[in-house]
Amino acid sequence: MTTSKTLLLSALALASSQAMANLSTTITAASDYSFNGVSQTKEDPALQGSLDYAFSDGVYVGSWASNVDFANKTDIEWDFYVGKYVALNDNWSIDYGIAYYSYHGGTNSSHGNYPEVYSKFGFANSLGQTEFNFWYSWDYFGKGADHTIAMIAHSIEVAPGHTLRASFDVSNSLDGNKYMWDAGDKSYTHYRLAYQTNYAGFDIEMAAENTSLEYDTADERVVFSVSRTFNL
C-alpha cells in the first residue's frame, strides 16, 4: 500500500472496531504521491479521495483514488479493497484483506492493474504502537511477477495530539526476470520519519523519506499532506 492508503486503512481499522457501521469519505491534498518512497506524480502535488464503509464486526470495504503521472499517459489510479480488523487481546490486533489497483487515462493503462493481499499486526503498549505489515501480489503491476513488501513501524505520541511514526520497509520482486525496480536490482529499501497531528478537524502529516534506489523520483524528499474525514 501507498503511504496515504496505509494511513487510510489504519483509520478504517479503528472505525471498524466500533459498535456501529460507519460510512465516511476522506479528502487528502499532498505535496507528492509517494508509493513506498517512489513518487507516482513526478514529485508534483496529488489530490486523493476515498469512500469507505466500516461494519460493526470489523469488516470494511472501500475505494480510493489519486492523480498519477506515468509515461504511458496514465493519470488516474483507482483502487478497491475489502478487509477485516480484529482485536486479538488488549495489546495485539490484526488487519487483513485484499486490494485491487487499477490505472486509467492511457490506451494501455489497464495493463498495470494488479491485485494484492495484506496482513498487518499491531502491538500497543505504554511505549506506543508497533506495526508488522506484509503485502503480497502475484501479478505486480501486471507483469506476472510475485512481489512482497515487508514493513516494521512504530508510532509514539510525544505530546498530546503530536505523534512521531518511524518506518522501514523492503520491496522485493521474487521474479527478477519479470520485474526489476532498477537495472539488475529486484529489491530496495525505504525508510520514513513522519510527524502527525490534528488541527480543527484536519489530519496533518509531514514526512522525510528516502530509498536505496538510484533515480530522481525515489530520492530523499519531504512530503506534506492535509486530510479531512467526513462521516456521511
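Tutor: The structure holds 6 salt bridges. It is a predicted model, in which local features need pLDDT of at least 70 and side-chain atom pairs count only at pLDDT 80 or more, while totals for chains, interfaces and linings use all residues. Residues are numbered from 1 along each chain as its sequence is written, and side-chain values use heavy atoms, with hydrogens and water left out.

Student: What is a salt bridge, in general and by cut-off?

Tutor: Side chains of opposite charge can pair when their charged atoms come close. The criterion here is a side-chain nitrogen of Lys or Arg within 4 Å of a carboxyl oxygen of Asp or Glu. One case is D32 with R221, at 3.2 Å from N to O. D32 lies in the loop between β1 (22-30) and β2 (34-35), and R221 in strand β14 (residues 221-231), so this pair ties together parts that are 189 residues apart in sequence. Strands are DSSP runs of E with at least two residues, numbered from the N terminus.

Student: Which other residues does R221 meet in salt bridges?

Tutor: E43 forms a salt bridge with R221, and their closest N and O atoms are 3.2 Å apart. Because E43 lies in the loop between β3 (38-39) and β4 (46-54) and R221 in strand β14, that pair ties together parts 178 residues apart in sequence. D219 also meets R221 in a salt bridge, at 3.8 Å from N to O.

Student: How many bridges join β12 to β13?

Tutor: Two strands pair if DSSP finds at least two bridges between them. Strand β12 (residues 187-199) and strand β13 (residues 202-211) run antiparallel and are joined by 10 bridges. R192 stands opposite E209 in β13. The hairpin of these strands has 2 residues between them, and A200 takes a positive phi near 55° there. β13 also pairs with β14 in the antiparallel sense, over 7 bridges, and A208 stands opposite V222 in β14.

Student: What does T163 contact beyond its sequence neighbours?

Tutor: Contact means heavy atoms within 4.5 Å. T163 lies in strand β11 (residues 162-173) and counts as buried at 18% relative accessibility. Leaving aside neighbours within four places in sequence, T163 is in contact with S155, I156, E157, A194, Y195 and Q196.

Student: Which strand gives the most to the nonpolar patch?

Tutor: Such a patch joins nonpolar side chains (Val, Leu, Ile, Met, Phe, Trp, Tyr) within 5 Å, from residues with over 30% relative accessible area and no salt bridge. Here a nonpolar patch on the surface, including L23, L47, W138 and F230, has about 1000 Å² of accessible area together, computed by the Shrake-Rupley method with a 1.4 Å probe. β4 gives the most, with 3 residues; β1 and β4 each supply at least two. V82, another member of the patch, lies in strand β6 (residues 76-87) and is partly exposed at 36%.

Conventions
Helix = DSSP H or I, 4+ residues; strand = E, 2+ residues; numbered from the N terminus. Buried < 20%, exposed > 50% of the residue type's maximum accessible area, 1.4 Å probe, protein only. Patch = residues over 30% accessible without salt bridge, like charges linked within 9 Å, V, L, I, M, F, W, Y side chains within 5 Å.
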